Amino acid sequence: MHHGLFMMPMHLPEKPLAQAFDEDIDLLIRADTLGYGEAWIGEHFTSAWESIPAPDLLIARLVPHIQRMWLGTGVVLLQFHHPVLVANRLAYLDHLSKGRLYFGFGSGGLPTDSKLFGVPMDGRARAMTRESVEIILKVWTEEPPFEYHGDYWHVVAVPPDPKSGLGIYVKPYQKPHPPIAVAGTNVESGTLQIAGERGWIPMSSSQMPIEGLTSHWHSVELGAQRTGRTPDRRQWRVARQIHVAETTAEARRDVLEGVMARAHQDYLYQGMKTSGRLSVLKTDPRMPDAAVNAEFLLERNWIAGDPDECAGKIRELYEKVGGFGHLLMLVYDWEPRQKMLTSLELLANEVMPKLNDLS
């Protein structure tokens, strides 16, 4: 099993942005030296907790300092961008990274983002996302001239003029394009069915309990059946809230008194309740919403403990869902920061080696 990071990020809202971004860069460079295989950078526009509005810019900043780790957009919210702009920026970034780029896309989940851009969180956002992907792939893989006339965007690529260079644009470094990933945040995810249909990388939200993860792989299989593909569990990325400390008692105390509990109560819980997705976390639909608290999630979803405890919980998760290829630790803004750095090191150096037999 490979390990990586998912940096939404989860920054303390009161932290100065420049400091938060410097710490993101430092953390990712440290992760590279520790052997983390990949890191996915989120995109949000209206959240103090998730404060990176341009993952491609952070990735470009990191490229000169990362030796081995692959970097991915996790995810670009396509309905808020012109697809030709996304295609060109990521093709350029693919060259800057010498082909160590993943392209993850989705349609987002923050109502304040949707209001800012005037795109409602309904079928329109999903339709725009599908249309955008088709245009991006066309720009990446087809030679002009061509046209695309959709419901939301119209693209005309003129015949190229070799003499003047007009009509010739940047293609990705990787051929035919960077690996594509799709995030799933709902049970029986429709987006993960698309991942199965197209052979793209499926990514499961850290909020998903074991039952939800099982449904995610089922969605991938359903999509794959429609196109005659055989899905590969080694592609599957599963994100998780993980905190490793020297002792299990310390880890549990950190979680219940620190940023993980605060982020859930002040931010994630509120968003899931507003969007109607809080039921995903419940063991019984009759549970009151207030019961979905940090103590409940520490027992049900979160992975916290010493290296042996965390390795055992990851192994249990792996076996119950039938296996997956990549474990992504969600990055939190711990205070003091050393708690995050210690957890980062312990996961790489003491937890993952105990799981080398999982493949």
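A residue counts as exposed when its relative accessible area is over 50%. That cut-off is handy for the first of these close-up views, all of which come from a predicted model.

**View 1. D308, an exposed residue of helix α11.** Let's start with a single side chain. D308 sits in helix α11. Its relative accessibility is 52%, so D308 falls in the exposed class.

**View 2. Helix α11 packs against helix α12.** Here we stay with α11, which spans residues 307-321, and bring in α12, which spans residues 338-351. The two helices pack at an angle of about 75°, and 10 Å separates their axes. Angles of 65 to 115 degrees count as roughly perpendicular, and α11 and α12 are therefore described that way. On the α11 side, the contact is made by P307, C310, A311 and I314; their partners in α12 are L346, L347, E350 and V351. Seven of the contact residues are nonpolar and one is charged, with no polar residue taking part.

**View 3. The second largest pocket, with α11 in its lining.** Helix α11 turns up again here, giving four residues to the lining of this pocket, the most of any element. The pocket holds about 190 Å³ of space. Its lining is made up of I210, R240, L298, E299, R300, N301, W302, I303, K313, E316, L317 and K320. Besides α11, helix α10 (294-300) also supplies two or more of these residues. By residue class, the lining has six charged, five nonpolar and one polar.

**View 4. The largest cavity and its lining.** The structure has one cavity of 30 Å³ or more, and the largest cavity contains about 100 Å³ of space. Around the largest cavity you will find P9, M10, H11, E23, D24, L27, V331, Y332, D333, W334, R337 and M340. Three elements each provide at least two lining residues: strand β1 (2-10), helix α1 (17-34) and strand β12 (326-332). Of the elements, α1 contributes the most, with three residues. The lining of the largest cavity comprises seven nonpolar residues, four charged and one polar.

Conventions. Residues numbered from 1 in each chain as written. Predicted model: local features only at pLDDT ≥ 70, side-chain atom pairs only at ≥ 80, totals over all residues. Heavy atoms only, no water. Axes fitted to C-alpha atoms, helices over the stretch in contact; angles between N-to-C directions. Parallel < 35°, antiparallel > 145°, perpendicular 65-115°, else oblique. Contact = heavy atoms within 4.5 Å. Nonpolar A, V, L, I, M, F, W, Y, C, P; charged D, E, K, R; others polar. Buried < 20%, exposed > 50% of the residue type's maximum accessible area, 1.4 Å probe, protein only. 1 Å grid on protein atoms, 1.4 Å probe; cavity = no way out; pocket = protein on both sides within 12 Å on 5 of 7 lines; lining within 4 Å. Points joined across faces, edges and corners; volume = space filled by probe spheres on them.
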